[in-house]
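Open the model in your viewer and keep the sequence panel beside it. The tour below goes from one selection to the next and says what is there.

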Amino acid sequence: MSSSEKIPKAMAEKYSAISALIDAFCAHHLNEEYRKMIHRILGTLARKRPSPLLRGKENVWAAACVHAAGHVNFLNDATQTPHCNPKSIFEFFGIAESTGQNKSKEIRDLLKMSPLSPEWVLPSRLADNPMVWMLQVNGVVIDIRHAPLELQRLAFAKGLIPFIPAERSSETI
């Protein structure tokens, strides 16, 4: 766990209990990449002051974290691998679908998560996410992948994009 992922002592027990439930679900239905992303969501919630995790049951929070990550990454889409429908998530954690959906929405609102949110997209899907590459340049929104190399390098240096597209595509040829 990196320093940015440290969990406050007051939240350690709750975080650990929810993490164990998430890990069990991911072992059966998802993969390591999803597990890490869901733990990132959980860690962010644990560090909020006051943490919303203090109210509510562990299984509800675990299901909602899984669903929130899945919502952003289209986990319900059968063409994706892995894929899992919300009903399966909520059944695994033994909660009503309405409860899980409501708590997931609370998380997504609190963390400003939406489909294709660059901060919450799985790393393996980041390159294909169009929202990652849309930047405002001189008041005009452009797809930085089609901009000159110098502009791509500047955007990367400023931390606006995860890598330099022109250099990445020449490496794969």
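## Whole chain

Read along the sequence, the elements follow the pattern α-α-α-α-α-α-β-β-α-α. That comes to eight helices and two strands. The model is predicted. Show the C-alpha trace: along the principal axes, its atoms fill a box of roughly 50 × 35 × 30 Å. Colour by accessibility next; of the 173 residues in the chain, 40% are buried. For contacts with a separation of 6 or more, 60% are between residues 24 or more positions apart.

## Helices H1 and H4

Select residues 12-29, which form helix H1, and residues 86-93, which form helix H4. Two packed helices are described by the angle between their axes and the distance between the axes. For H1 and H4 the angle is about 130° and the axes are 11 Å apart. The two helices are therefore oblique to each other, and their crossing is right-handed.

Now show the side chains where they meet. From H1, select Leu21, Ile22, Ala24, Phe25, His28 and His29. From H4, select Ser88, Ile89, Phe92 and Phe93. By class, this contact of H1 with H4 has seven nonpolar, three polar and no charged residues.

Stay on H1 and select Lys14, which is found in this helix. Is Lys14 buried or exposed? Its relative accessibility is 15%, so Lys14 counts as buried, the cut-off being under 20%. Setting aside neighbours within four places in sequence, Lys14 is in contact with Leu53, Gly56 and Glu58.

## Helices H3 and H4

How far apart are the axes of H3 and H4? They are 9 Å apart, and the helices pack at an angle of about 160°. H3 and H4 are therefore roughly antiparallel to each other, since angles over 145 degrees count as such. The crossing of H3 and H4 is right-handed.

On the H3 side, the contact is made by Asn59, Ala62, Ala63, Val66 and His67. On the H4 side, select Pro86, Ile89, Phe90 and Phe93. The residues in this contact of H3 with H4 divide into seven nonpolar, two polar and no charged.

His67 has 7% relative accessibility and so counts as buried. Which residues does His67 touch, leaving aside its neighbours within four places in sequence? They are Pro86, Ile89, Phe90, Gln101, Ser104 and Arg108. Then pick the C-alpha atoms of His67 and His28: they are separated by 15 Å, with the residues 39 apart along the chain.

## Loops and backbone angles

Go to the loop between helix H2 (32-47) and H3, where Pro50 lies. The peptide bond joining Arg49 and Pro50 is cis, with omega about -10°.

Move on to the loop between H3 and H4, where Pro82 is found. Thr81 and Pro82 are also joined by a cis peptide bond, here with omega about -5°. Phe74 is found in the loop between H3 and H4 too. Check its phi: the value is near 55°, positive in a residue other than glycine. At 37% relative accessibility, Phe74 counts as partly exposed.

Next select Lys112, in the loop between helix H5 (97-110) and helix H6 (130-133). Lys112 is not a glycine, yet it has a positive phi of about 55°. Is Lys112 buried or exposed? Its relative accessibility is 71%, so Lys112 counts as exposed, the cut-off being over 50%.

## The two strands

Finish at strand E1, residues 134-137, and strand E2, residues 140-143. How many bridges join E1 to E2? There are four, and the strands run antiparallel. To see one of the bridges, select Gln136 and its partner in E2, Val141. The hairpin of E1 and E2 has two residues between the strands. Select Asn138 in this hairpin and read its phi, which is positive and near 50°. In a regular strand the side chains alternate between the two faces of the sheet.

Key:
Residues numbered from 1 in each chain as written. Predicted model: local features only at pLDDT ≥ 70, side-chain atom pairs only at ≥ 80, totals over all residues. Heavy atoms only, no water. Axes fitted to C-alpha atoms, helices over the stretch in contact; angles between N-to-C directions. Parallel < 35°, antiparallel > 145°, perpendicular 65-115°, else oblique. Left-handed = near helix turned anticlockwise from the far one by under 90°. Contact = heavy atoms within 4.5 Å. Nonpolar A, V, L, I, M, F, W, Y, C, P; charged D, E, K, R; others polar. Pairing = 2+ DSSP bridges. Buried < 20%, exposed > 50% of the residue type's maximum accessible area, 1.4 Å probe, protein only.
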